[in-house]
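Here are a few friendly notes to read alongside the model. Take them one point at a time, with the structure open beside you.

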Amino acid sequence: MDVIIIYIKSLGWILLSILGAILLYGIIALLGSVIPVKAEQLTPENPVEIYIWGNGVHTDLVLPVRTQQVDWKDVFAKDDPGISYSFRYVAIGWGNKDFYLNTPTWADLSVRTALQAVTGLGESVYHLSWYRSMYEDEDSRKLTLSAGQYEQLVEYIQSYLKKDEEGQVIPVQSTVEYGKYHRFYEAKGHYSMFFTCNTFTNNALKKMRTTCLPVDSV
C-alpha cells in the first residue's frame with residue numbers, strides 16, 4: 001500500500017512539474033514579447049517596408065521578396081516551381097521543428113513536444129509563407145526601415161539558416177497541410193522557454209534598434 005501511495009505522489013509531482021514548466025514557458029514568452037527597445041529616429045533613404053505579423057502567440061517577419069539587399073526567392077525557392085515572382089512578400093517564422101511539423105492545433109500538443117519546447121532540446125526550422133499582397137490590420141503592423149537597417153535584418157535571418165555543403169538551404173518535408181505556398185527549412189538555434197519565436201522576432205528588431213511590438217499589439 002505504501003508503495004502505491006509513493007508511486008501516486010511521484011506521478012503527481014511529475015505531472016505538476018510538467019504543467020508548471022509549460023505555465024512558466026507561457027509567462028516568459030509573454031514577457032519576452034514586450035521587451036522595449038529605444039528606436040532610432042531617422043528619415044530612411046531607400047526605405048524598405050516590412051510587416052510584423054502576430055496572432056497573439058506567434059510572430060512572423062513579413063518581408064518584400066526582392067529588394068536591393070536580397071532576393072528571398074533566390075535564397076529559398078530558386079528551383080521551386082510553385083513559387084514565382086508573382087509573390088511580393090514572404091513571411092518568415094522561426095520555431096521548434098517538432099511543434100511546427102507535428103502540432104497543427106493545440107489539441108495535438110504532446111508531452112514530448114511540450115517538453116522539447118520548454119527545455120530547448122529540440123531542433124528548429126524556418127516556416128515560410130508566400131503572399132501576393134500584404135497590408136496592415138489587427139494582426140500586422142508595418143515598419144519602415146532604412147537600407148542599412150534592412151541589411152542588418154537580412155544578416156540576422158541568414159545567420160540562423162542552416163545550409164548544406166554546397167551552401168544551399170535544406171528543405172524539410174511536413175506531413176501537416178499548412179497550404180500550397182508554405183515551406184519549411186532547417187534552421188539553427190534551439191527553441192526554449194527562454195528563447196521563443198517572439199524572442200527571435202524581438203531580437204531582430206533590437207538589432208536594428210527598432211521599437212519592439214507586443215505580440216498582442218500586432
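1. Let's begin with the second largest pocket, where strand S7 gives the largest share of the lining, four residues. Helix H2 (72-76), strand S6 (171-172) and strand S7 (182-187) each contribute at least two lining residues. Helices (H or I, at least four residues) and strands (E, at least two) are DSSP runs, numbered from the N terminus. A pocket here is found on a 1 Å grid over the protein atoms alone, as an open set of points where a 1.4 Å probe fits, with protein on both sides within 12 Å along at least five of seven lines; lining residues have an atom within 4 Å of a point.

2. A word on the source: this is a predicted model, in which local features need pLDDT of at least 70 and side-chain atom pairs count only at pLDDT 80 or more, while totals for chains, interfaces and linings use all residues. Residues are numbered from 1 along each chain as its sequence is written, and side-chain values use heavy atoms, with hydrogens and water left out.

3. Back to the second largest pocket: its volume is about 360 Å³, taken as the space filled by probe spheres set on grid points that are joined across faces, edges and corners. The lining has 20 residues, and Asp80, Pro171, Gln173, Arg183 and Tyr185 lie nearest the centre. By type, the lining holds 10 nonpolar, five polar and five charged residues. (Ala, Val, Leu, Ile, Met, Phe, Trp, Tyr, Cys and Pro count as nonpolar, Asp, Glu, Lys and Arg as charged, and the others, Gly among them, as polar.)

4. Next, the aromatic rings: the whole structure has 15 aromatic pairs. Phe76 and Tyr185 make a tilted one, at 4.9 Å centre to centre with 50 degrees between the planes. This pair links distant parts of the chain, since Phe76 is in helix H2 and Tyr185 in strand S7, 109 residues apart. Phe76 is buried at 5% relative accessible area, and Tyr185 is buried at 3%. Rings of Phe, Tyr and Trp (its six-membered ring) pair if their centres lie within 6.5 Å; planes under 30 degrees apart are stacked, over 60 edge-to-face and the rest tilted. Buried means under 20% relative accessible area, exposed over 50%, and partly exposed in between (1.4 Å probe, protein chains only).

5. Which other pair is tilted? The rings of Tyr156 and Phe200 are, with centres 5.0 Å apart and planes at 40 degrees. Tyr156 is in helix H5 (residues 147-159) and Phe200 in helix H6, so this pair ties together parts 44 residues apart in sequence. Both Tyr156 and Phe200 are buried.

6. Is Lys207 buried or partly exposed? Lys207 counts as partly exposed because its relative accessibility is 42%. Setting aside neighbours within four places in sequence, Lys207 is in contact (heavy atoms within 4.5 Å) with Gln152 and Tyr156. The C-alpha atoms of Lys207 and Leu153 are separated by 7.5 Å, although the two residues are 54 apart along the chain.

7. Finally, Thr59 sits in strand S2 (residues 59-64) and is buried, with a relative accessible area of 5%. Its side chain makes a polar contact of 2.9 Å with that of Asn198, and another of 2.8 Å with that of Thr201. A polar contact is a pair of N or O atoms within 3.5 Å; within protein, one must be able to donate a hydrogen and the other to accept it, and residues adjacent in sequence count only if both atoms are side-chain atoms.
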